Amino acid sequence: MSSTPPEPPAPGSVSLGQPSLVDGEWHRLHPATPLLRGGIALIVILGIVVGNLRDTLIQLVVGGGERGPEDPLSLIYERGLTGIVLAAIALGLIAFIVGFYFSWRMHSFRITAELVEVRSGIFYRTNRKGRLDRIQGINIARPFFARLFGAAKLEVNVAGQDANVQLAYLSSANADALRKEILRLASGTQAAASPTPVAAGGLVDRRVAELLAPELDPDAAPPASVVNLHLGRLIGSLVLSGFTIFLLVLVVGTVVIISVTHELFFLVTFAAPIIGMGSYYFRKFTKSLRYSIAGTPDGVRVGFGLLSTSNETLPPGRIHSVQVSQPLLWRPAGWWEIRVNLASKSSNNGAASQANTSILPVGNLADVKKVLELVLPGLVDERSIDLIERGLTSRGGDDGFVNSPRRAWIIRWFSWRRNGFAIEPDAVLLRSGAVWRSLVIVPQARMQSVAMHQGPLLRRLGLASIIVHTVAGPIQPRLGAVDRDAAIGFFTDVSAAAVLSSARDTSHRWRSGEGRSNGEVTA
Amino acid sequence: MSEKLELPGVTEWRRVSPKYVVVDIVGLLISAVVSCAATAILPITTQVAWLWALPAIIAVIFLITLALTPRRVRSIGYQLRDDDLLFRRGLMFQRFVAVPYGRMQLVDINRGPVARALGLSELKFVTAAAASGVTIPGLPAADAEELRDKLVALAESRRAGL
């Protein structure tokens, strides 16, 4: 945090020849911002106060009934303080409104070719800058209430905890255009900006159009999501989740206990999980509704949410590892889930508290291939796709993976045939689990370091474990019970490959090669 | 045949100062005394004889660890390769890590009270992954600073994104 005096707009800033939010000048946020950020709480408090005093108010107006001497309203009324109290309330309201107004006035942002900067605060000034080439993703969240006002929250994610630059709130149409512009600046492309489309029609029409619009703006993405999440599959995936098994065990346990003890008291233990269950399923369900994923020139775009929506663009090279996994119950249906590790922590799990690390909640093998194609552009040739498919479904054996030796069965009872790794030119694949199948793919350019471990038990068996370190997330890429010599080979090869790949990597300015020669590239 | 992990072609490990054994032993003794005292509270207050087994077991484990300390310290090694830092430690539980210089986010130098009395420093190489955990203890203070400057220069010349 640093406090700076408000400064005049920088002279000589970049102008794109059209009114745009990325002209390097200071801009203000949506006028409804204070209301959306804090004002709703005020209205709720007022509502509660009025609700509690309702009876007294009715009595005051209609008369009759009996008023207790301790009732604050009647005390005020009887002592003739009504005027003073009303004045105090009015003063408080005015103070609030003035405060809101000034907090809105003082809250401004600007976007230059190098950075995005936000300053805010009346007494405590805050100034936050994020470098564009460090962007990990841009998230546009539209909480339901904000959507009614046609407002959206734009969040520029950079690596680290609480390191995001938030522009809350912008007008909904602006947010989409702004994201496109920021990504264009960040990508390092020299191509000119394409004009921003302006929504036509009256205010109400626009609002309705925005509410109903799919979570993709047609201008910057291919028209359709590459994966369609059927409602039936979504419900099925929830019903067949591990949580359901836990619930069934609980129900059976409770029934047994009650039938043995004849004490209905034990129903109480059952009540809390039931309530929890409802909210768990509801959250999982609503967050995955209207799921969409599509590739854009500036990375993968993932959208979620029914009433509150969230829509995140991840530029190329921002995905640090990918895990495709299949719980046992999903196997008959052939469903998979894809999760990713990201360097940024989006502070707004806004759309129904979604974790933004699940990039495909549920999908079949074809869906998995389409999504992997988007998130791992380095692995799209025939051979790699084949390898990935074997990594998912193969039972093991000589299939392109270096698997655990037979002696590893002591610590990998079912999965020793399948437990293995493969090294591709761009990525490392770690396959494990016969019951809970999982395949972890780590792009070599994103690896932080490589390690191998060996404890006394593994040493007796001539085995070792290998670990690839990436940024923190739900995935920990590691493989146990690998043959000792294979592990040493993996360590040697991958540590050399990681150096080479990271030296070649240019994804911090992912389109820097474009647009210089041919000048015009459609954004 | 040895089933230990060894890297082929890597023989010249740079070792840490033998004086680090003292730092390690002092640290172990303190935690041994604290944990034995904590577990001894139960038998003292309850007067149940067999509860003394707990502090006794802990004491034995600490004695074995203490006896192995010189070898464990000798097992710590590091090497500056062309493009990455190689680090190893551990006897029973061996651990090898290779970190490309370009992945460095920062280098820390820490000095505990005992280490400072012996003129030793601990160098910590931090990447974006918390699990990398490359901490080289027991470096003479001058060496540690020299190594830090060298690592920073190497990282600067091989800068990579995240």
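Me: How many residues of chain B are in contact with chain A, and with how many residues there?
Reply: In this predicted model, 27 residues of chain B are in contact with 30 residues of chain A. Contact here requires C-beta atoms within 7 Å.

Me: Which element gives the largest share of the side of chain B that touches chain A?
Reply: Strand E4 (residues 94–100) of chain B does, with seven residues.

Me: What makes up that side of chain B by residue class?
Reply: It divides into 15 nonpolar, five polar and seven charged residues.

Me: How do you know that strand E18 of chain A and E4(B) pair?
Reply: A pair needs at least two bridges. Five bridges join strand E18 (residues 449–454) of chain A to E4(B). They therefore count as paired, and they run antiparallel. Gln454(A) stands opposite Gln94(B) in E4(B).

Me: What is the strand order of the open sheet that holds these strands?
Reply: The order is E20(A)-E19(A)-E18(A)-E4(B)-E3(B)-E2(B)-E1(B). That is seven strands, with antiparallel pairing.

Me: Why are strand E20 of chain A and strand E1 of chain B placed at the edges?
Reply: Strand E20 (478–483) of chain A and strand E1 (14–15) of chain B each have a single partner strand, so one side of each lacks a neighbour in the sheet.

Me: What makes E1(B) and strand E2 of chain B a pair?
Reply: They are joined over two bridges, in the antiparallel sense. At least two bridges are required, so the pairing stands. Arg14(B) has Tyr78(B) in E2(B) as its bridge partner.

Me: Why is Pro443(A) called buried?
Reply: The cut-off is 20 or more other C-beta atoms within 10 Å. Pro443(A) has 24, so Pro443(A) is buried.

Me: Where does Pro443(A) lie, and what does Pro443(A) touch?
Reply: Pro443(A) lies in strand E17 (residues 437–443) of chain A. Leaving out residues up to four places away in sequence, Pro443(A) touches Leu376(A), Gly378(A), Asp426(A) and Ala427(A). Val428(A) is 15 residues away along the chain, and its C-alpha atom is 6.4 Å from that of Pro443(A).

Me: How does the span of helix H4 of chain B compare with the expected one?
Reply: Helix H4 (residues 141–157) of chain B has 17 residues and reaches 25 Å from its first C-alpha to its last. At 1.5 Å a residue, 24 Å is expected, and the span is close to that.

Me: What is the average pLDDT of chain A, and which elements have the lowest and highest means?
Reply: Chain A averages 80, and 81% of the residues score at least 70. Among the elements of chain A, helix H6 (residues 203–212) has the lowest mean, 64. Strand E19 (residues 463–469) has the highest, 95. Over residues 195–199 of chain A the pLDDT is below 50. It also stays under 50 over residues 350–354 of chain A. Where pLDDT is low, the predicted coordinates should not be read in detail.

Definitions and conventions. Residues are numbered from 1 along each chain as its sequence is written. Chains are lettered from A and ligands numbered from 1 in the order in which they are written. This is a predicted model: local features need pLDDT of at least 70, side-chain atom pairs count only at pLDDT 80 or more; totals for chains, interfaces and linings use all residues. Helices (H or I, at least four residues) and strands (E, at least two) are DSSP runs, numbered from the N terminus. pLDDT is the predictor's confidence in each residue, from 0 to 100. Two residues are in contact if their C-beta atoms, placed from the backbone, lie within 7 Å. The expected span of a helix is 1.5 Å times one less than its number of residues. Ala, Val, Leu, Ile, Met, Phe, Trp, Tyr, Cys and Pro count as nonpolar, Asp, Glu, Lys and Arg as charged, and the others, Gly among them, as polar. A residue is buried if 20 or more other C-beta atoms lie within 10 Å of its own, exposed if 12 or fewer, and partly exposed in between; C-beta atoms are placed from the backbone.
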